[in-house]
Amino acid sequence: MSLPTGQQRALESIEGKLAESDPRLVSLFSIFTRLTRTETMPWIEQVAVRPIADRLAALGHWCRWIARRPAARVRAMVLLPAALTAVAFSLTLAFGFPGSSQRHVPGSKAPARELVVKSRDLVVKARMCRAAMILKPAFAC
């Protein structure tokens with residue numbers, strides 16, 4: 001009979017603790033094993049390992065429990081879509097909207113290079129306007 005790894009480790013741990021506490025018990029277990037090796041295990045002691053069937057049974061039990069309790073059923077019907085919507089919304093915010101890097105966000109500052117170019121243009125324009133006003137006082141910029 002093969003057991004899942006976790007159960008096998010638990011049994012081996014119990015076996016080691018029993019062997020440490022009573023050395024005589026180890027010899028009794030080995031004698032019992034030799035005597036019963038050829039016998040079949042009684043049907044009442046056989047345990048079937050069915051992890052998928054056990055999980056499905058637990059899910060069925062949960063569904064029956066929800067069906068018996070109308071308030072829990074309503075809560076599940078309301079909260080599950082709300083939770084899924086919240087997860088989708090948070091993922092959308094976390095990863096951004098498609099093409100969000102190309103859009104201009106109001107209130108954001110322009111890159112420094114553009115500011116320098118714009119300020120140079122304004123200075124040049126102001127100098128030209130000042131020079132034009134000196135040469136022709138009636139000229140308005």
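These legends accompany close-up views of a predicted model.

The model is predicted, and local features need pLDDT of at least 70 while side-chain atom pairs count only at pLDDT 80 or more, whereas totals for chains, interfaces and linings use all residues. Residues are numbered from 1 along each chain as its sequence is written, and side-chain values use heavy atoms, with hydrogens and water left out.

**View 1. The chain as a series of helices.** The chain has 5 helices and 0 strands, where helices (H or I, at least four residues) and strands (E, at least two) are DSSP runs numbered from the N terminus. Read from the N terminus, the order of elements is α-α-α-α-α. Of the 141 residues of the chain, 4% count as buried, buried meaning under 20% relative accessible area, exposed over 50% and partly exposed in between (1.4 Å probe, protein chains only).

**View 2. The crossing of helices H1 and H2.** The axes of H1 and H2 come within 5 Å and cross at roughly 120°, the axes being lines fitted to C-alpha atoms, for helices over the stretch in contact, with angles that run from 0 to 180 degrees between N-to-C directions. The two helices H1 and H2 are therefore oblique to each other; angles under 35 degrees count as roughly parallel, over 145 as roughly antiparallel, 65 to 115 as roughly perpendicular and the rest as oblique. Leu18, Ala19 and Ser21 of H1 meet Pro23, Leu25, Val26 and Phe29 of H2, contact meaning heavy atoms within 4.5 Å. The residues of this contact of H1 with H2 divide into 6 nonpolar, 1 polar and no charged, with Ala, Val, Leu, Ile, Met, Phe, Trp, Tyr, Cys and Pro counted as nonpolar, Asp, Glu, Lys and Arg as charged, and the others, Gly among them, as polar.

**View 3. The second largest pocket.** About 210 Å³ of space lies in the second largest pocket. On a 1 Å grid over the protein atoms alone, a pocket is an open set of points where a 1.4 Å probe fits, with protein on both sides within 12 Å along at least five of seven lines, and lining residues have an atom within 4 Å of a point. Grid points are joined across faces, edges and corners, and a volume is the space filled by probe spheres set on the points. Helix H1 (5–21) and helix H2 (23–36) each supply at least two residues of this lining, and the largest share, 5 residues, comes from H1. The lining includes Leu18, Ala19, Val26 and Phe29, and by class it has 6 nonpolar, no polar and 1 charged residues.

**View 4. The largest pocket.** The largest pocket holds about 400 Å³ of space. Among the residues that line the largest pocket are Phe29, Phe32, Arg37, Glu39, Met41 and Glu45, and the lining as a whole has 4 nonpolar, 3 polar and 3 charged residues.

**View 5. The contact of helices H3 and H4.** Helix H3 (residues 51–68) and helix H4 (residues 70–95) have axes that come within 5 Å and cross at roughly 110°, which makes H3 roughly perpendicular to H4. Ile66, Ala67 and Arg68 of H3 and Pro70, Ala72 and Arg73 of H4 make the contact. Isoleucine 66, in helix H3, counts as buried at 11% relative accessibility, and, leaving aside its neighbours within four places in sequence, isoleucine 66 is in contact with Ala72 and Arg73. Arginine 73, in helix H4, is partly exposed, with a relative accessible area of 34%.
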